[in-house]
Amino acid sequence: MSEVSVIRAGIVGATGYTGVELLRLLLGHPRVRPAVVTSRGQAGTPLSALFPNLRGQGDLRFQAPDAGALGECDVVFFATPHGVAHTLAGDLLQRGTRVIDLSADFRLRDPQLWSQWYGQPHGAPELLEEAVYGLPELNRARIPAARLIAVPGCYPTAVTLGLLPLLEAGVVDPAQLVADAKSGVSGSGRKAQVGSLFCEAAENFRAYALGGHRHLPEILQTLGEVSGVQPQLTFVPHLVPMVRGILATLYTRLLQPQTDLQALFERRYAHEPCVDVLPAGELPETRSVRGTNLCRLAVQRPQEGETAVVVSAIDNLVKGASGQAVQNMNLMFGLPETQGLEGIAILP
Ligand SMILES: NC(=O)C1=CN([C@@H]2O[C@H](COP(=O)(O)OP(=O)(O)OC[C@H]3O[C@@H](n4cnc5c(N)ncnc54)[C@H](OP(=O)(O)O)[C@@H]3O)[C@@H](O)[C@H]2O)C=CC1
Ligand SMILES: CC(=O)N[C@@H](CCC(=O)OP(=O)(O)O)C(=O)O
């Protein structure tokens with residue numbers, strides 16, 4: 001599916017956290033030229049005026065979102081709040097531009113379910129049938145031919161990759177799943193909001209959305225397809241005082257306690273370049289994936305009981321959003337899957 005030597009890319013919402021992370025990755029990608037980066041309020045501003053790390057990276061300036069300019073690109077990424085991609089994706093697809101949406105606009109197959117969770121009517125139900133859920137570890141075969149990719153949410157990426165091997169193999173009860181997930185504050189975006197202020201978030205650790213988080217139906221949709229039944233999941237997200245990273249601890253009840261869980265996980269992800277199953281006994285940490293497109297996983301059966309515990313770590317802005325978007329782009333354009341994504345985690 002490789003048609004172009006240099007891929008012209010557009011980013012709608014390039015002033016946000018996932019947008020600027022995407023720009024960082026694309027500027028370092030040997031086959032991509034970021035051509036259009038949008039901001040409604042910063043049109044005309046050079047990149048480095050807002051983001052000093054981008055000084056010296058060419059003379060690109062933010063411009064207002066415009067379907068004409070974006071339609072000149074080979075691929076357009078939406079790094080925008082939900083509802084925005086609904087309004088522009090159809091037009092871009094008609095112009096022959098492929099669309100990779102980091103928001104939730106095309107993740108749920110049922111537009112009514114989407115509308116219930118997102119509190120507004122679905123703006124482009126006619127595009128849902130062709131949208132491909134961009135989790136390469138599950139849908140790799142469908143991604144190269146796709147015109148429209150729905151990049152999974154950050155929590156769904158961490159939780160789904162952790163539970164996939166167990167549910168595919170049928171060794172745990174899909175009616176008894178628990179996901180205790182903790183996210184850094186960048187997960188809630190760059191927009192001004194009291195909960196993200198330094199004084200509010202820096203010395204605090206709290207659970208939220210116990211009554212239902214919008215990632216729950218997304219996770220259930222995928223796990224239901226994998227297990228062939230409607231799973232039951234208790235999903236509790238938490239906000240922790242760090243900037244990046246998600247650590248999800250997943251609890252499941254084993255139907256076949258004698259299963260060699262380590263071998264199961266190693267086999268399932270043996271050929272996955274972006275999933276790292278740790279050696280038996282080791283546990284992943286968020287700092288070991290910071291800035292990388294890796295999901296690091298560990299699986300154990302504490303006290304040799306009936307519970308399998310999986311620990312899953314990702315960087316919410318990379319494997320949980322922008323890096324996964326680039327992984328999808330690489331597959332869509334016939335490039336090596338991890339091109340531009342080879343960075344090593346930053347310590348400390
Ligand atoms: N943060 C994370 O860890 C993750 C986020 N996501 C999803 O990715 C998307 C972006 O998230 P994030 O980067 O955190 O959000 P931010 O709030 O940091 O950024 C949102 C961006 O969207 C732009 N924007 C807002 N409204 C509009 C509009 N109506 N039309 C065009 N552009 C608009 C803003 O730019 P400006 O105002 O300058 O135009 C801003 O650059 C969201 O859907 C989010 O749910 C997914 C996975 C992880
Ligand atoms: C820490 C934090 O606030 N995280 C966000 C989820 C990240 C995200 O933006 O998810 P979507 O792409 O599905 O919108 C939240 O809980 O709403």
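Analyst: UniProt positions are given here in the numbering used for this chain, with feature names shortened, and an annotation may be inferred rather than shown by experiment. With that in mind, the unreviewed UniProt entry places "domain: Semialdehyde dehydrogenase NAD-binding" at residues 8-146.

User: What is the separation of the end C-alpha atoms of residues 8-146, and how much of the span is helix and strand?

Analyst: Helices (H or I, at least four residues) and strands (E, at least two) are DSSP runs numbered from the N terminus. By that reading the span is 30% helix and 17% strand, and its end C-alpha atoms lie 17 Å apart. This is a predicted model, in which local features need pLDDT of at least 70 and side-chain atom pairs count only at pLDDT 80 or more, while totals for chains, interfaces and linings use all residues. Residues are numbered from 1 along each chain as its sequence is written, and chains are lettered from A and ligands numbered from 1 in the order in which they are written.

User: How many helices and strands are there in the protein chain, and how does its radius of gyration stand against the globule rule?

Analyst: The protein chain has eleven helices and 14 strands. Its radius of gyration, taken over C-alpha atoms, is 20 Å, close to the 20 Å from the globule rule (2.2 Å times the number of residues to the power 0.38) for 348 residues, so the chain is as compact as a globular protein of that length. Along the principal axes, its C-alpha atoms fill a box of roughly 60 × 45 × 40 Å.

User: What is the strand order of the open sheet of seven strands?

Analyst: Strands of a sheet pair through backbone hydrogen bonds, either parallel or antiparallel. Here two strands pair if DSSP finds at least two bridges between them. The open sheet runs in the order 9-10-8-11-14-13-12, with mixed pairing; strand 9 and strand 12 (275-277) are its edge strands, each pairing on one side only.

User: Are A209 and Q303 buried or exposed?

Analyst: A residue is buried if 20 or more other C-beta atoms, placed from the backbone, lie within 10 Å of its own, exposed if 12 or fewer, and partly exposed in between. By this count 45% of the 348 residues of the protein chain are buried. A209 is partly exposed because 13 other C-beta atoms lie within 10 Å, and Q303 is exposed because it has 7 C-beta neighbours inside 10 Å.

User: What is the phi value of A209 and of Q303, and where does the cis peptide bond lie?

Analyst: A209, although not a glycine, has a positive phi of about 55 degrees, and this residue is in the loop between strand 9 (206-207) and helix 9 (215-227). Q303, likewise other than glycine, has a positive phi near 50 degrees and belongs to the loop between strand 13 (295-300) and strand 14 (307-314). The cis peptide bond joins L347 and P348, with omega about -5 degrees, and P348 is found in the segment after helix 11 (318-332).
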